[in-house]
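Subject: Structure handover

Hello,

Here is the structure I promised to pass on. Please open it first, then read my notes below.

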Amino acid sequence: HRRRDNFLTKKIQILFYLLEVRSSYYGSFINREARFPAALWTLARTAAGTIFKFVKGKYLIWKYELV
């Protein structure tokens, strides 16, 4: 039995309401044609950025002896 007044459920419902896709943003969420190479490139670029931020964070923690 799930309660509909759960705090987390309400937060997610508000989030979905705020992120409702409007027609002007449709192209950002839905691809009309297959773009596998572009998707791979975006994934690789995002992963590289994440790895860079992780390494930078580890370096800064080491440099300033934060732990």
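Start with the surface. The protein chain exposes about 7200 Å², and carbon and sulfur atoms supply 64% of that area. Accessible areas come from the Shrake-Rupley method with a 1.4 Å probe; for residues, only the protein chains shown count as cover.

A word on the source. This is a predicted model, where local features need pLDDT of at least 70, side-chain atom pairs count only at pLDDT 80 or more, and totals for chains, interfaces and linings use all residues. Residues are numbered from 1 along each chain as its sequence is written, and side-chain values use heavy atoms, with hydrogens and water left out.

The overall layout

The protein chain has three helices and zero strands. Its pattern along the sequence is α-α-α. Helices (H or I, at least four residues) and strands (E, at least two) are DSSP runs, numbered from the N terminus. Of the 67 residues in the chain, 0% are buried. Buried means under 20% relative accessible area, exposed over 50%, and partly exposed in between (1.4 Å probe, protein chains only).

Helix α1

Helix α1 covers residues 7-18. Its 12 residues should span 16 Å, and the end C-alpha atoms are 17 Å apart, which agrees. The expected span is 1.5 Å times one less than the number of residues. Zero of the 12 residues are buried, so α1 lies largely in the open. Asn6 caps its N-terminal end: a side-chain oxygen of Asn6 lies 2.9 Å from the backbone nitrogen of Leu8.

Leu8 also belongs to a nonpolar surface patch of about 890 Å², whose members include Ile12, Leu15 and Phe16. Such a patch takes nonpolar side chains (Val, Leu, Ile, Met, Phe, Trp, Tyr) joined within 5 Å, from residues with over 30% relative accessible area and no salt bridge. A salt bridge is a side-chain nitrogen of Lys or Arg within 4 Å of a carboxyl oxygen of Asp or Glu. Leu15 sits in α1 and is partly exposed, at 44%.

Helix α3 and beyond

There is one aromatic pair. The ring centres of Tyr59 and Trp62 are 5.9 Å apart and the planes meet at 40°, so the pair is tilted. Rings of Phe, Tyr and Trp (its six-membered ring) pair if their centres lie within 6.5 Å; planes under 30 degrees apart are stacked, over 60 edge-to-face, the rest tilted. Tyr59 is partly exposed at 41%, while Trp62 is exposed at 63%.

Glu65 lies in the segment after α3. Its phi is near 50°, a positive value in a residue other than glycine.

Best wishes

Notes. Polar contact = N/O pair within 3.5 Å; in protein donor to acceptor, adjacent residues only side chain to side chain. Patch = residues over 30% accessible without salt bridge, like charges linked within 9 Å, V, L, I, M, F, W, Y side chains within 5 Å.
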